[in-house]
Amino acid sequence: SYTDYRVGCQKPGDYKIVLSSDEKVFGGWANATKDADVTFPARQENHDNRPCWMQVYAPARTVTVYAPAEFCDKDAERKP
């Protein structure tokens with residue numbers, strides 16, 4: 001696992017988790033979960049051939065998908 005792992009992204013602003021294989025429903029430990037409702041701010045500074053970057057916690061043997069916070073709703077699949 002990696003703490004403060006830098007990930008390059010296209011736009012500055014806040015990002016949130018939209019999907020994580022570390023969720024309990026997938027047999028994970030929920031260390032990286034959308035239910036925590038954590039915001040990852042992206043800084044406007046080049047990293048990995050992208051204009052911005054954010055720092056995340058990356059648990060071993062997992063996949064995590066991030067999206068701009070304005071498009072995220074952690075309760076979306078719970079709504080009728």
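Isoleucine 17 has a bridge partner in β5: tyrosine 66. The model that shows this pair is predicted. Five bridges join β2 to β5. The two strands run antiparallel.

Now step back to the sheet. Strands of a sheet pair through backbone hydrogen bonds, either parallel or antiparallel. Here three strands form an open sheet in the order β3-β2-β5, and the pairing is antiparallel. β3 (40-42) and β5 (64-68) stand at the edges. Each has a single partner strand, so one side of each is left without a neighbour in the sheet. Neighbouring strands of this sheet are turned by 40° against each other on average, direction ignored.

Follow β2 to residue 20. Strand β2 covers residues 13-20, and serine 20 lies in it. Is serine 20 buried or exposed? Its relative accessibility is 1%, so serine 20 counts as buried. The cut-off for buried is under 20%. Which residues does serine 20 touch, not counting those up to four places away in sequence? They are Phe26, Ala32, Val63 and Thr64.

The side chain of serine 20 also has polar partners. It reaches the backbone oxygen of alanine 32 at 2.6 Å. A polar atom of the serine 20 side chain lies 3.1 Å from the backbone nitrogen of aspartate 22.

Next come the charged pairs. How many salt bridges does a search of the whole structure find? It finds three. One of them joins the side chains of aspartate 37 and lysine 16, with N to O at 2.9 Å. This pair links distant parts of the chain, 21 residues apart. Aspartate 37 sits in the loop between β2 and β3, while lysine 16 is in strand β2. Lysine 16 has a relative accessible area of 18%, so it is buried. Aspartate 37 is partly exposed, at 37%.

Another salt bridge joins arginine 50 and aspartate 48, whose closest N and O atoms are 3.5 Å apart. Aspartate 48 has a relative accessible area of 53%, so this residue is exposed. Arginine 50 counts as partly exposed at 32%.

Then there is the bridge between aspartate 75 and lysine 74. The closest N and O atoms of this pair are 3.6 Å apart. Aspartate 75 counts as partly exposed, at 31% relative accessibility. Lysine 74 is partly exposed too, with a relative accessible area of 29%.

Terms used. Residues are numbered from 1 along each chain as its sequence is written. This is a predicted model: local features need pLDDT of at least 70, side-chain atom pairs count only at pLDDT 80 or more; totals for chains, interfaces and linings use all residues. Side-chain values use heavy atoms; hydrogens and water are left out. Helices (H or I, at least four residues) and strands (E, at least two) are DSSP runs, numbered from the N terminus. Buried means under 20% relative accessible area, exposed over 50%, partly exposed in between (1.4 Å probe, protein chains only). A polar contact is a pair of N or O atoms within 3.5 Å; within protein, one must be able to donate a hydrogen and the other to accept it, and residues adjacent in sequence count only if both atoms are side-chain atoms. Contact means heavy atoms within 4.5 Å. Two strands pair if DSSP finds at least two bridges between them. Axes are lines fitted to C-alpha atoms, for helices over the stretch in contact, and angles run from 0 to 180 degrees between N-to-C directions. A salt bridge is a side-chain nitrogen of Lys or Arg within 4 Å of a carboxyl oxygen of Asp or Glu.
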